[in-house]
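Me: I would like a close look at a single part of this model. Keep it brisk, please.

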Amino acid sequence: MADNEVERLTQAISLTQKLRTSVTRVFSDLSDGYHISQGNEKASLNVLQKALLTVNDNYSDLEKLVPNLNSVNITAPNSALVGIDPVYDKTPIYSQITHAHKWTNKVHKLADYASAILSPNQLKRTHQGGQPLAIKRQRKTPHAHAIPPQGVDQCISALERLWSDMPITLSRPMGNCAVLQITLSRTLRALIVLRGLLIESVIVKAYSEDFLTPEGKVDLWSRSRYQVFNKVTDMVTAATLHFCHPQMPDLSLRSFLVWFNSYKTLFSAPCQKCGKHLQGAFPPVWRELRTATPQHDGCRQT
Amino acid sequence: MMGVVCVYAYNIPEGKSGQQVVDSLQKQMDIIGATKTGNFCVDCETYQSHPQNAQQRSIHILHNSEQPATCFSVLDSGTVLVSDMLFDLIMNTMTQAKSGREGFFQQRKGFKIESRGQRYELADFVIKIGSVSLMANFKGVLIEVEYCPSQVPGDCWNLMKEILQSIVGNTADTPPSYIKTKMDSLYTPADTINQYLEHFNAFRKTATPGQQNR
C-alpha cells in the first residue's frame with residue numbers, strides 16, 4: 001500500500017518534470033526565435049505544434065495520475081507555521097519562546113545540581129555491588145513480593161522466637177497480605193503490612209493505643225494521637241528503604257526488626273550526640289541505621 | 001488513657017504573692033512555646049464516717065477535669081475506687097439522715113480544697129499550672145506535667161526531669177515520692193489522684209492564718 005503510493009508519487013514527480021521540460025522547450029524555442037527559411041513556415045509550425053502536443057500529452061498524463069494520489073499531510077513543527085503567520089510581528093510568540101527557552105535552561109541546570117547532590121546518597125532499593133555482579137543480579141527477577149503464605153508464616157514464626165520482649169502476631173485481614181502487629185516492650189506498638197516478605201508500610205503507635213477501627217477491624221491507615229509516634233512512623237518508613245533487599249527478603253525483614261527493636265528505649269535513652277533527652281520537647285526519635293544508637297532528629301542532620 | 005504525670009508543689013519565694021508566681025509561670029509557658037488549651041480543675045472533698053461507728057474512717061472524693069466522667073474515692077489506706085460520676089449521688093444519700101437515723105458519713109467542714117488553673121500543651125507534654133485554694137483561701141501552687149505517649153514512669157522519668165527542672169527547678173531532682181514506688185508499673189489516672197491528695201493533705205496541715213488571703 002505504502003509502496004504503491006511512493007511509486008505513484010515518484011511517477012507523478014517524473015511526469016511533472018517531463019511536463020516542465022516540454023513546457024520549457026516550447027518557451028525557450030519561442031523566445032530564441034526560429035530560423036525560418038522561405039516556404040519552410042509550415043515545417044516550423046509543425047515543430048511548434050508537435051511541441052505543444054507533447055505538452056498537452058504530458059499534461060493529460062499527469063492529470064490522469066493525480067486523482068490516484070492521496071493528499072500528503074506535511075507535518076511541520078509548529079514553529080514552522082510562524083513563517084506563514086501574516087501578523088507574527090504582533091504576536092508575543094517570539095518572547096514566549098525565548099522565555100520558555102530560558103526556563104528549560106534553568107531546569108536543566110537545577111537538575112544537574114540535584115543529581116550531583118543525590119548521587120552520593122545511597123537511598124536505592126537495590127544494592128548493587130561491582131559491575132559483573134550487578135549484571136548477574138539484574139537477570140534474576142525479584143521474588144520478595146511473591147512468596148507463598150506458608151513461607152511467610154514460617155519466616156515470621158522463626159523471627160518471633162528471637163525476641164522475648166517483642167511479641168509478633170500475624171493476621172491476614174485482606175486476603176494474601178500478611179499484617180504483623182508488634183508490641184515492643186511497654187513502649188510502643190507497630191503495625192507492619194507485608195507483601196510477600198516485602199515491607200509495604202509501617203505505622204507506629206503508643207502502647208496505650210490499638211490498631212482497631214470502631215467496627216473492630218484492623219485499622220491499617222490511621223496515625224497515632226501523639227506527635228512523637230508520628231515522627232517515629234516517618235523515620236521507620238524511611239528506614240524500610242535502607243533495609244529493603246529484593247534478593248534476600250527474609251534477611252532484610254530480620255535486620256529491619258533487629259534495628260526496630262532498639263526503639264524500646266525511645267523514652268529512656270538519651271541522644272548519643274548531645275547527651276540530652278529532650279530536643280524541642282521530643283525524645284531521640286531516630287536510631288542510627290548501622291549501630292542503632294539513639295539520636296535526635298536535629299542531631300542526626302548535623 | 002493517659003501518660004505519666006508528675007505533680008510538684010512550687011516553692012513560692014518570699015515577698016511574692018501567689019498571683020505573681022502564677023503569672024510568671026504562665027509567661028514562662030509562652031516562652032517555651034506551649035499553647036493554651038483551656039482550664040483544668042482538680043477538687044477534693046473529705047467525708048468522715050459517723051462517730052457512732054467504732055472505727056472512724058475518712059474518705060476523700062476527688063474529681064479531675066481530665067477525666068470528666070469519673071469520680072475517684074480514696075481511703076486513708078490509699079485504696080482508690082474509680083467509679084462513674086453517679087457515685088456522687090450515692091455519697092449524697094449516704095450523708096443524709098433518713099427515718100430517724102443519721103447518715104453513714106459526714107462531710108468535714110472547711111476541708112474542700114481544689115487546684116484550678118490553665119492547661120498548656122507542648123508537643124506531647126501537658127503542663128498544668130494550678131493555684132490551690134482551701135475554702136477560697138489561696139494555699140499554694142501545684143504544677144502538673146504529663147508526658148502522654150509513655151505509660152511507664154521508669155522509662156520516661158529522665159526525659160520528664162529535663163522539662164520539669166526547667167519549670168520547678170531543683171525540686172524535680174528526684175521523682176515525686178508516690179511515683180518512686182511505682183517506677184516499673186503501668187501508670188493509671190488513680191496514681192495522679194493519689195499525688196494530688198498527698199499535696200492537698202500537706203496544704204491542709206499548713207493552714208496558718210498568716211498565709212491566707214495572699
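Predicted model: local features only at pLDDT ≥ 70, side-chain atom pairs only at ≥ 80, totals over all residues.

Is A:Phe256 buried or exposed, and what is its relative accessibility?

Reply: A:Phe256 has 0% relative accessibility. The cut-off for buried is under 20%, so A:Phe256 counts as buried.

Now the ring pairs. Over all chains, the structure holds twelve aromatic pairs. One of them joins A:Phe243 and A:Phe256. Their ring centres are 6.0 Å apart, and their planes stand at 75°. Edge-to-face requires over 60 degrees, so this pair is edge-to-face. A:Phe243 belongs to helix H7 (residues 227-243) of chain A, while A:Phe256 belongs to helix H8 (residues 249-261) of chain A. The pair therefore ties together parts that are 13 residues apart in sequence. A:Phe243 also counts as buried, at 11% relative accessibility.

A:Phe256 has another partner, A:Phe260. Here the ring centres lie 5.9 Å apart and the planes are at 15°. Stacked means under 30 degrees, so A:Phe256 and A:Phe260 are a stacked pair. Both residues sit in helix H8 of chain A, four residues apart, which means about one helical turn separates them. As a rule, an α-helix has 3.6 residues a turn, so residues three or four places apart point the same way. A:Phe260 is buried, as is A:Phe256.

Conventions:
Residues numbered from 1 in each chain as written. Chains lettered and ligands numbered in written order. Heavy atoms only, no water. Phe/Tyr/Trp six-rings, centres within 6.5 Å; stacked < 30°, edge-to-face > 60°. Helix = DSSP H or I, 4+ residues; strand = E, 2+ residues; numbered from the N terminus. Buried < 20%, exposed > 50% of the residue type's maximum accessible area, 1.4 Å probe, protein only.
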